[in-house]
Structure formats: C-alpha cells, structure tokens
Amino acid sequence: MKPDLHGSRIVLRSIQTDDSDDLFEIYGDIQTMEFASDPAFTSKDMIVQMLESVVQLEKSGESLEWAVMEKVTNKVIGTCGLHSFSDKGNSCEVGCLLNSSYWRQGYMSEALSLLFYHASSLGVKELYADIDEGNFRSQALFNKLDFKAKNGQFQRLL
C-alpha cells in the first residue's frame, strides 16, 4: 500500500472510483491531453478502464499512481506517478497530468516534489520524463525541477 503524501496545498493519495467526475474533467479535456500518450477520453467508461489498469499495474509493481487532491476543496486536480521501474528499481519514469484550470499555479511542482521525495525513499536514484518536443510548459516545469535534457529525455538524479 502506498502512502498518502501531504504538501501545503495538496495531498497525493490513491485514486478512487469516487474521483471519476474529477478525472473525466482532466482526461476528457483536449487541452490537458494535448501531449499525453492517449487521446482525450470521450466517455466516463474510459475512466473505469483507466482505474482498472491503475490497479493492475500497481499490483504487478510496474507503476505507482496518485491522485493530486487540492486540500481546500478535496477536488482531484491531477494525477502523477512513477512508472517503468528498472530491474533493480533504481530508476523510473515520472508521469503527470494537471487539470488545465490549475496550470501555472505551482500545484504540479508541489506534487512532483512530494513524489520525488517518496521515490528517493524507495531507493530510486534516477528519474526520467518523456516530454514531447512541443510541450514547452512541461519542459519548463521539469527544467525548474533540475531535470536535464539528455538523449531525447529529461533526466534527474536524486
């Protein structure tokens, strides 16, 4: 069981089926999903499938995924996670999505800082992020978080 991670304005916690409306607001938004690996979701049924996938990937140890919940409203405003762990568990990929209504307010910086601290406690030594060439907002965020562009990926040592 992964822990809840508490920041000043947010909590990273397990994604729940009750989060479906908030998640659809994120995953169904064309602007939010512009650079995601999947197209925008067209129905809430796709959220159910996503939740099932999250459970399976966590059970297999392939991925850890959190909901980013704003403390004041208890609204899920994003997701972030650790994926594709190396064989020895010393490196993994970081993924994140944030509701476009919350962009440029420091929420994802706070979420990722909590996530990186937790990754370090798991023995992860290196993080990487696969960011599309045109995704300047994410590139700026990961640069601010001390990631360096290398071989088409952004990488950071913990």
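Helices, taken as DSSP runs of H or I with at least four residues, and strands, DSSP runs of E with at least two, are both numbered from the N terminus. With that in hand, hello everyone, and let me walk you through this one.

This is a predicted model, where local features need pLDDT of at least 70 and side-chain atom pairs count only at pLDDT 80 or more, while totals for chains, interfaces and linings use all residues. Residues are numbered from 1 along each chain as its sequence is written, and side-chain values use heavy atoms, with hydrogens and water left out.

Let's begin with the record. UniProt, in an unreviewed entry, lists residues 10–158 as "domain: N-acetyltransferase"; its positions are given in the numbering used here, the feature names are shortened, and annotations may be inferred rather than shown by experiment. Over that stretch, residues 10–158, the chain is 32% helix and 27% strand, and the C-alpha atoms at its ends are 22 Å apart.

Now to the sheet. Two strands pair if DSSP finds at least two bridges between them. In what order do the eight strands of the open sheet run? The order is β1-β2-β3-β4-β5-β6-β8-β7, and the pairing is mixed. β1 (5–6) and β7 stand at the edges with a single partner strand each, so one side of each has no neighbour in the sheet.

Let's look at the β7 end. β7, residues 148–150, pairs with β8 in the antiparallel sense over three bridges, and Lys148 stands opposite Gln155 in β8. These two strands form a hairpin with two residues between them, and Asn151 in the turn has a positive phi of about 55 degrees. β8, residues 153–157, also pairs with β6, residues 126–129, again antiparallel, over four bridges. There, Glu126 has Leu157 as its bridge partner.

What about the helices? Contact here means heavy atoms within 4.5 Å. For angles, axes are lines fitted to C-alpha atoms, for helices over the stretch in contact, and the values run from 0 to 180 degrees between N-to-C directions. Helix α3, residues 107–121, lies across β1, β2, β3, β4, β5, β6 and β8, at about 30 degrees to β4. Helix α4, residues 136–144, lies across β5, β6 and β8, at about 15 degrees to β8.

Next, a few single residues. Buried means under 20% relative accessible area, exposed over 50%, and partly exposed in between, using a 1.4 Å probe and protein chains only. Ser91 lies in β5, residues 91–98, and is buried at 15%. Setting aside neighbours within four places in sequence, Ser91 is in contact with Ser84, Phe85, Ser86, Val124 and Glu126. Arg104, by contrast, sits in the loop between β5 and α3 and is exposed, at 79% relative accessibility.

Last, the cysteines. Cys80 is buried, with a relative accessible area of 0%.
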